Amino acid sequence: MKIPFPYRRAALVAALFPLALAAGCMTASKRLEQGAKLEERGQSAEAARRYIDALRRDPSLAQARARANETGALAIEQYLAESYAAASAGEVEEAADVLLRLDGLRRDAAGVGVQLAVPADYASNRRDVLDAAIEAAVNRGAQLAASRRFGDALGRLDRAADRWQPSAAQRGRLNEARVATYVAWSEHEAEQGRFRAAYDVAGRAIASLGRDFPGAEELLELQARALEEGTVRVAVLPVTSETGVEDALPVDWLREVEDELEADAWDEPPTFIEVIDPREVRRELRRDDGVRRPRGGVMAAASLGRALGADLVVRMSVDSARTEERDVRSERRTARLRTGEDTAYTVRSGRRELWARVRYDIVDVRERRSVGDDVFQVEGQARFREPVFQGNWRQLMLSRDDQALFGNEGRRDQRRQLWRSLTDEMIERVQRELFEDILRLVD
C-alpha cells in the first residue's frame, strides 16, 4: 500500500528525533569531558565555560551543573586575585579587562541557571577599577600623542570608551581627549608640509565626533587652513598632436576634447587642485609670438606657469592614433540602374574602433623641471553600416530605406557616436590618471 506523503514525513521525523537527541547528548558529553581535562590542568575559567556549554546543550546534566558551580566559583576567586595584582602593579587597564572577563563568565553561567557569587563590595570596587582604567587611558593617550604616536593614542581612548562603561561625564572627557589628539595630529601633519594628510585627519575627527561637538570649529579651521596652504594651481596647456597624427583623428576632435575638459574636468577638479581658467592660458599662449607654446620645452612651460601664477604646468599630446574594423560582414544586394541594366552593391556592417595614445608631463614651475609623466591609451567604438558601390549611387533605382543607407546623415551619426565614445574615455582617463598624478605631488 502506498503511504501518503504527510504520513511518511511524520514517520521519518519520529525515526530521526532520537538520533538527533542522542547526537546532542554526545556533544554535551564531549563538552563535559573537555571541562574535566581543563579542570585537572588548573584552568578553572575555561573548564567552567565548557561545563556551561554542556548545559546549554543538555540542561539535565547534573554533573555539568555541579562542576560549573565549583569551577566557576574558583574562577571568580582567581579573576579577583589577578585583577588585584594587576591594579597593585599599576596596570589598571589590565585589571579592568580581567573584571570584564569575570562579568562575562557570570553572565554566561546565569544563562544556564548557575549563579556565581561575588564579594558584597564587588560592584563598588569594580567601578573604582574601571574609573582608574579610564583615567589611565586619558593620561596614556596624552603621552602617546606627545610622542607623535597619534594612532595609538586614539586607539587607547576608543578602547576606554567602548569597553570600560564610562559615565556621561567620563565619555565627555574621553571625547575632549580625542579632539585634542586629532588637533595635534592635524597640526603636526601641516607643520611637516603634508597638507592632504592634515586635511584628512581633521576630516576623520569630524566624521567620528560630528560637526556639533565642542572643538569641531577648530578642526574645520584646520581643514580650511590645510586646503588653503596645500592647494596647487595648475595650468593645463591645450591638447596637441604629433606631426602626422592629426590626419588619423576626427576633424576638430582635439577642439571637442578641449571643450569637454573645460566643461567637466577643469571646472570641478578634486580637492587640493585648482585649474587655472583655460581662457587665461590661451591668452598667455598667444603672447610673445609663440615663445611659450607647448612645444617650447620645459623652460618655456615654466615661464608660462610663472606668468599665470601656476605651481604646475601640464602638457598633453596625442602621439599616435589608428582605426580598425572588427566583425565586418558584407551583404550583396542586387539593384537596377535607371538605364535598365542590372547591377549590385554591397552593405558592410560591423564595429569600428578608434585608438589614440596620449602622453603628458607635469612641469614644476619653481624648480623648472618635469616632475611626472605618463602615457595612456583611449579607445572609442561604434557600430557602422554603410553601402559600397562602384559608381554614382544616385543612378540606382532604390527604395526609400535603401536610399537612406547612401545618405550622409546616417554616416555622420555613426562617426559622431565613434568620436563621442573616444571623447568620453579621454575625459574619464584625464580626470582619473592626470589628477591622481598631480595629487601625488601635493604633500
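Predicted model: local features only at pLDDT ≥ 70, side-chain atom pairs only at ≥ 80, totals over all residues.

Trainee: Which residues line the largest cavity?

Mentor: A lining residue has an atom within 4 Å of a point. The lining consists of Val236, Glu258, Trp266, Val275, Ile276, Pro278 and Val281. By class, 6 of the lining residues are nonpolar, none is polar and 1 is charged. Nonpolar here covers Ala, Val, Leu, Ile, Met, Phe, Trp, Tyr, Cys and Pro; charged covers Asp, Glu, Lys and Arg; the others, Gly among them, are polar.

Trainee: How is a helix read, and which residues of α5 are buried?

Mentor: An α-helix has 3.6 residues a turn, so residues three or four places apart point the same way. Helices (H or I, at least four residues) and strands (E, at least two) are DSSP runs, numbered from the N terminus. Helix α5 (residues 122–146) has 25 residues and reaches 36 Å from its first C-alpha to its last, close to the 36 Å expected at 1.5 Å a residue; the expected span is 1.5 Å times one less than the number of residues. Buried means under 20% relative accessible area, exposed over 50%, and partly exposed in between, with a 1.4 Å probe and protein chains only. The buried residues of α5 include Tyr122, Arg126, Val129, Ala133, Ala137 and Leu144. Their cover includes α3 (62–88), α4 (92–110), α6 (150–163) and α7, where contact means heavy atoms within 4.5 Å.

Trainee: What follows α5?

Mentor: Most residues other than glycine have a negative phi, and most peptide bonds are trans. After α5 comes Arg148, with a positive phi; the value is near 65 degrees. Arg148 sits in the loop between α5 and α6 and is exposed because its relative accessibility is 55%. Phe272 likewise has a positive phi, of about 85 degrees, without being a glycine. Its place is the loop between α10 (253–265) and β3 (273–275), and Phe272 is buried, at 4% relative accessible area.

Trainee: What does His188 contact?

Mentor: Leaving aside neighbours within four places in sequence, His188 is in contact with Arg148, Phe150 and Arg194. His188 lies in α7 (residues 168–191) and counts as buried because its relative accessible area is 12%.

Trainee: Which residues have the most contacts inside the largest nonpolar core?

Mentor: A nonpolar core is a set of buried Ala, Val, Leu, Ile, Met, Phe, Trp, Tyr and Cys residues joined through side-chain atoms within 4.5 Å. The largest core has 41 residues, and those with the most contacts inside it are Leu55, Leu105, Val114, Trp164 and Leu174. Elements giving two or more residues to this core are α1 (5–40), α2 (44–57), α3, α4, α5, α6 and α7. The largest share, 8 residues, comes from α4. Apart from this core lies another, of 40 residues, among them Val232, Leu261, Val430 and Ile438.

Trainee: Where is Ala356 found, and what does Ala356 touch?

Mentor: Ala356 is in strand β5 (residues 342–364) and is buried because its relative accessibility is 1%. Not counting residues up to four places away in sequence, Ala356 touches Leu249, Val318, Ser320, Ala321, Phe376, Gln377 and Val378. Ala356 and Ala248 are 108 residues apart in sequence, with 9.1 Å between their C-alpha atoms.

Terms used. Residues numbered from 1 in each chain as written. Heavy atoms only, no water. 1 Å grid on protein atoms, 1.4 Å probe; cavity = no way out; pocket = protein on both sides within 12 Å on 5 of 7 lines; lining within 4 Å.
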